[in-house]
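Let's take a walk through this structure together. Keep the sequence and the 3D view side by side as you read.

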Amino acid sequence: MTQQPAPRAPRRGLDRTGPFDLGDKVQLADSKNRLHTITLKPGGQFHTHRGVLEHDQLIGAEDGVVVEDNRGTRYQALRPLYSDYMLSMPRGAAIIYPKDAAQILMWGDIFPGARVLEAGVGSGGLTTALLRAVGADGSVHSIERREDFAEVARENVETFFGAPHPSWDLSIGDFQDVAPALNPDGPAVDRVVLDMLAPWECVDAAAEVLVSGGVFLAYVATVTQLSRTAEALRDHGEFTEPHGWESFVRPWHLEGLAVRPEHRMNAHTGFLLTSRRTAHGARALTRVSRPAPGSRDEEELTDPANDGFGGSTSEWGPQDVGERGVAPRKLKRALRDIRQGRDR
Ligand SMILES: C[S@@+](CC[C@H](N)C(=O)[O-])C[C@H]1O[C@@H](n2cnc3c(N)ncnc32)[C@H](O)[C@@H]1O
């Protein structure tokens with residue numbers, strides 16, 4: 001008798017709850033919290049040097065059960081969360097950290113039904129988060145300049161959702177060229193989300209496609225990128241005053257009386273920058289005084305030797321870094337206080 005091939009597990013998305021089923025990914029944690037992720041297959045086995053666990057023990061079991069292998073090693077079995085999937089997804093380009101993706105959804109104001117334009121797609125980490133947030137009535141259009149990265153992203157997104165996502169489109173090319181071509185009839189994008197090297201090059205195209213009041217959000221790794229993007233938004237004239245920040249998440253160790261911050265944390269991931277598109281044709285109200293005039297010196301910014309760094313041949317003053325400087329009166333007062341203290 002010829003052996004029949006095992007039936008293929010149905011492909012399904014990872015966004016679900018309920019008892020474990022064929023095709024589900026399951027995260028097994030041992031008593032030392034070492035993690036292993038398996039995909040449930042008919043007749044499948046999970047082998048370690050300690051023993052063998054049959055997939056059948058998990059199929060139909062409740063999410064969160066504790067199972068034992070043939071040598072008595074116990075595992076807590078849980079369906080992975082999106083943050084687990086995001087951190088472990090195979091990648092070409094670096095992905096966004098869950099803490100930053102969470103901030104993007106809130107401060108980029110990604111709402112159910114939103115029409116989001118994203119670039120670059122990288123490994124598809126953020127794309128998946130955006131797709132979950134816009135829901136069935138929204139749309140995410142991702143633009144990626146590298147075909148090889150786009151392919152990895154497509155695989156990651158389809159693996160997560162279990163099939164091509166009906167609300168997702170992916171175009172190859174540069175945001176600056178593709179975004180306006182996708183919207184020939186005028187602005188039809190609610191949110192623009194950029195995670196790339198040079199978002200300042202995309203400000204004009206973003207302004208063209210964003211609806212009035214739409215949100216522009218950029219995620220960048222360095223202060224120079226942050227500054228250039230902020231200045232490009234100001235120079236455009238139809239964006240509100242940019243708001244920039246970074247976030248720190250410090251995990252805590254929780255054991256008995258030893259309740260303290262963990263010794264290690266990710267000190268830096270990136271900076272976030274948001275701004276609103278003003279009504280088309282309406283110039284933004286500008287601040288009365290703007291800091292760091294040195295950073296806006298046209299000659300300096302366009303000097304190829306200073307590309308991205310500003311720089312100056314004249315002496316830098318406090319105003320170049322947004323400070324007011326020290327008034328002579330204040331120095332006099334400081335000297336008086338020192339001398340009076342010395343004589344006391
Ligand atoms: C850091 S990765 C994005 C990671 C992604 N957010 C994720 O979570 O997986 C930056 C990507 O932007 C792409 N890129 C850079 N400039 C671009 C542009 N002007 N238009 C489209 N894609 C661009 C790069 O090829 C790269 O894949």
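What follows starts with the overall picture, then goes to the strands, the core, the ligand and a few backbone details.

First, some ground rules. Residues are numbered from 1 along each chain, as its sequence is written. This is a predicted model, where local features need pLDDT of at least 70, side-chain atom pairs count only at pLDDT 80 or more, and totals for chains, interfaces and linings use all residues.

The protein has 9 helices and 15 strands. Helices (H or I, at least four residues) and strands (E, at least two) are DSSP runs, numbered from the N terminus. Of the protein's 344 residues, 29% count as buried. Here, buried means that 20 or more other C-beta atoms lie within 10 Å of the residue's own; 12 or fewer makes it exposed, anything in between partly exposed, and C-beta atoms are placed from the backbone. Among contacts between residues at least 6 apart in sequence, 64% join residues at least 24 apart. A contact means that two C-beta atoms, placed from the backbone, lie within 7 Å.

Now find strand β7, residues 115–119. Because 4 of its 5 residues are buried, β7 is largely enclosed by the rest of the structure. β7 pairs with β8 in the parallel sense over 5 bridges, and R115 has S139 of β8 as its bridge partner. Two strands pair if DSSP finds at least two bridges between them. β7 also pairs in the parallel sense with strand β10 (residues 189–195), over 4 bridges, and there V116 stands opposite R191.

V140 has W168 in β9 as its bridge partner. To get from β8 to β9, the chain crosses through helix α4 (residues 147–161), in a right-handed β-α-β crossover. β7, α3 and β8 make a right-handed β-α-β unit as well. Right-handed means that, with the strands pointing away from the viewer, the path from the first strand over the helix to the second runs clockwise.

What about the inside? The largest nonpolar core has 57 residues, and V116, L130, V134, V192, A206 and L217 have the most contacts inside it. Strand β11 (residues 210–220) gives the most to this core, with 7 residues. A nonpolar core is a set of buried Ala, Val, Leu, Ile, Met, Phe, Trp, Tyr and Cys residues joined through C-beta atoms within 7 Å. Apart from this core lies another, of 8 residues, including V26 and L40.

Next, the ligand. It is surrounded by 22 residues, the closest being G120, G122, G125, D195 and M196. A residue belongs here if its C-beta atom, placed from the backbone, lies within 6 Å of the molecule. α3 (125–134), β8 (139–144) and α5 (175–182) each supply at least two residues of this shell.

Finally, some backbone details. Most residues other than glycine have a negative phi, and most peptide bonds are trans. The peptide bond from A119 to G120, however, is cis, with omega near -20°. G120 sits in the loop between β7 and α3. N33, in the loop between β1 (25–29) and β2 (35–39), has a positive phi near 60°. N33 counts as exposed, because it has 7 C-beta neighbours inside 10 Å. D109 has a positive phi too, near 55°, and lies in the loop between α2 (98–107) and β7.
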